[in-house]
Amino acid sequence: MNTPMIGLVDCNNFYASCERVFDPRLEGRPVGVMSNNDGCVIARSNELKALGVEMGTPAFQLQPLVREGRIHLLSSNYELYGDMSARVREVLEEYSAGVEPYSIDEMFVRFDGFDRNSMLTLSRTLHRNVRKFTGIPVCVGVAPTRTLAKLANRAAKKRPEFGGVCVLEPDEVGTQRLLADTPLGDVWGVGRRLVERLALQGLHTAWDLRCADPRAIGQRYSVVLERTARELQGTPCFEMNDADDARQRIMTSRSFGRMTGDLNELRDAIRQHAQRSAEKLRHQGSLTRAVLVFLKSNRHRPDLPQYSPSTIVELPAPTNDSREILAAAQQALEHIYLRGYRFMKAGVMLLDLIDQPREQLSLLDDEADIARRERSQQLMATLDAMNQKMGRGTVRLGVARPDAAWQLRCAHRSARYTTNWQELKRLR
Amino acid sequence: MTVSAAQPSHASLARPHPAPEPCALPHPHITGRAGISGFPSPAEDYAGRTLDLNERLIKRPAATFFMTVAGDSMEGFGIYEGDTLVVDRSIDARPGHIVVALVEGEVVVKRYELIGQRPYLSSGNALYPPVAIFDLECQVWGVVRSVIHEYAV
């Protein structure tokens with residue numbers, strides 16, 4: 001039986017690449033993208049990584065390098081990144097009806113019905129066309145399961161000899177070598193603590209786990225790890241939302257029972273998804289910097305007008321407060337909603353997560369900020385406790401009116417080249 | 001052109017792409033024919049509903065970008081300061097195309113030409129001579145499909 005293959009398309013240094021499309025002087029230079037209000041590095045080009053600049057480095061520490069012209073620091077331009085992400089998705093949709101955004105810069109592409117032998121050619125076409133059409137460089141990893149596709153993608157990215165494309169057949173010699181070279185910590189969904197426990201049993205690499213008896217793994221560890229083992233063997237076990245790489249992004253989405261174009265129903269769905277995402281966020285002790293909302297019309301109904309918009313709202317500061325996340329999500333929804341379209345699916349994605357620091361260290365905070373944050377934390381803890389005790393949805397938030405426009409500090413933001421008529425690229 | 005107004009209060013929001021604006025005006029229905037050869041006008045494909053300039057000008061939305069012209073270097077080709085270029089990255093540039101190109105770190109709009117078998121980027125203005133690109137670092141960014149010139153009215 002010819003199992004369909006699945007691809008993972010991952011944009012290289014996505015935020016920096018978006019900036020480079022419109023500013024070729026950044027090509028080959030160390031580029032960092034900063035969060036707007038709290039002023040630290042949230043994305044880096046390879047050249048900046050090579051200089052040893054870590055994620056989260058406060059921007060002021062880098063000012064000497066900026067002044068000497070050795071590095072470029074830009075404020076984040078989520079309008080641009082959101083639009084470029086939608087373009088990448090659109091190019092992929094020319095080839096497959098099964099494109100599932102996994103984060104702003106990663107998309108799974110299902111190749112149901114494609115000949116398995118044509119995968120390498122097809123992957124190379126995707127790799128070339130996304131780059132050519134959008135300007136964004138990507139790596140493509142293809143395999144029969146999502147876990148293997150992730151590993152294929154990683155290989156495509158790390159090893160120049162692959163040219164950005166890697167197709168893994170589970171039973172090939174090359175696959176064995178690749179799995180043997182992959183530490184378990186780099187396998188999708190295998191966390192740090194699990195790695196330590198597995199090491200005690202002599203399991204160190206992806207190949208070790210692949211050779212283990214999945215049922216024994218399931219009994220000793222977890223059902224999820226059993227599925228990971230089966231996925232490494234080439235048997236698909238994970239669906240889109242199963243294994244969350246929750247350290248990077250959180251997504252909550254659901255298809256509607258029937259298609260709807262009603263704004264109130266959409267508001268309600270977005271409210272639920274935003275609230276659920278915020279719960280997940282607090283559960284893992286993270287904060288988010290930006291909220292993405294998307295709607296999807298039904299691609300299998302070409303008789304209906306198609307419109308699958310998405311947009312990103314940046315938060316004034318990293319947060320895990322349901323109310324702020326909800327307000328941002330509603331604001332995003334109001335912005336992309338158009339009457340006359342019926343939607344099949346709606347979702348909320350939280351982006352650019354960071355671990356919640358024990359103590360907030362911000363020069364901008366005054367006592368009022370600190371008090372407000374403490375109140376927020378207490379309220380959210382109470383909310384989560386009640387919902388846990390009495391069932392999800394016991395306490396729900398109403399739809400907040402979005403606050404007055406947030407004043408973000410974004411002095412070094414590039415132009416919104418693709419979303420604002422006043423800011424188009426100017427050419428001589 | 002339908003140009004949606006910028007929304008300052010939503011400064012952190014991206015416009016959905018593409019954004020079809022609902023338009024309820026009753027447009028006169030024209031079924032024209034291109035020339036006398038009997039080729040059907042492409043507009044006929046859309047007979048029965050309001051004509052949409054996006055459909056006409058943008059063949060591949062994911063690869064299409066708008067840019068603004070600055071300066072007078074392309075006036076000879078009917079491209080003026082302030083015009084909006086519709087740039088399609090999915091097209092392979094051929095001689096005769098108006099292209100957006102990267103030349104030594106600058107982004108420029110020029111006409112791609114062969115002069116005596118050698119590739120040049122030409123301006124539409126005698127003040128700027130053609131630039132030979134065979135020994136320059138040069139890359140085509142995209143091909144200009146159309147130019148929108150808006151009059152003050």
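Me: Two residues are in contact if their C-beta atoms, placed from the backbone, lie within 7 Å; by that rule, what share of the contacts in chain B with a separation of 6 or more comes from residues 24 or more positions apart?

Reply: Such residues account for 53% of those contacts in chain B. This is a predicted model, in which local features need pLDDT of at least 70 and side-chain atom pairs count only at pLDDT 80 or more, while totals for chains, interfaces and linings use all residues. Residues are numbered from 1 along each chain as its sequence is written, and chains are lettered from A and ligands numbered from 1 in the order in which they are written.

Me: What makes up the secondary structure of chain B?

Reply: Chain B has one helix and nine strands, where helices (H or I, at least four residues) and strands (E, at least two) are DSSP runs numbered from the N terminus. From the N terminus on, their order is β-β-α-β-β-β-β-β-β-β.

Me: Why is α4(A) called oblique to α5(A)?

Reply: Helix α4 (residues 78-93) and helix α5 (residues 119-134) of chain A pack at an angle of about 140 degrees, with their axes 10 Å apart; axes are lines fitted to C-alpha atoms over the stretch in contact, and angles run from 0 to 180 degrees between N-to-C directions. Angles under 35 degrees count as roughly parallel, over 145 as roughly antiparallel, 65 to 115 as roughly perpendicular and the rest as oblique, so α4(A) is oblique to α5(A). Among the residues of α4(A) that meet α5(A) are A:Met84 and A:Val88, and those they face in α5(A) include A:Leu126 and A:Phe133.

Me: How do you know that the length of helix α12 of chain A agrees with its number of residues?

Reply: The expected span is 1.5 Å times one less than the number of residues; the 21 residues of α12 (263-283) should therefore span 30 Å, and the end C-alpha atoms are 30 Å apart, which agrees.

Me: What makes residues of α12(A) buried, and which are they?

Reply: A residue is buried if 20 or more other C-beta atoms lie within 10 Å of its own, exposed if 12 or fewer, and partly exposed in between; those buried in α12(A) include A:Leu266, A:Ile270, A:Ala274 and A:Leu281. The buried residues of α12(A) pack against β9 (250-260), β10 (286-297), α13 (322-336) and β12 (343-351) of chain A.

Me: What makes a set of residues a nonpolar core, and how many residues has the largest?

Reply: Such a core is a set of buried Ala, Val, Leu, Ile, Met, Phe, Trp, Tyr and Cys residues joined through C-beta atoms within 7 Å. The largest has 108 residues, with A:Ala152, A:Val291, A:Val293 and A:Ala329 having the most contacts inside it, and α13(A) gives the most to this core, with eight residues.
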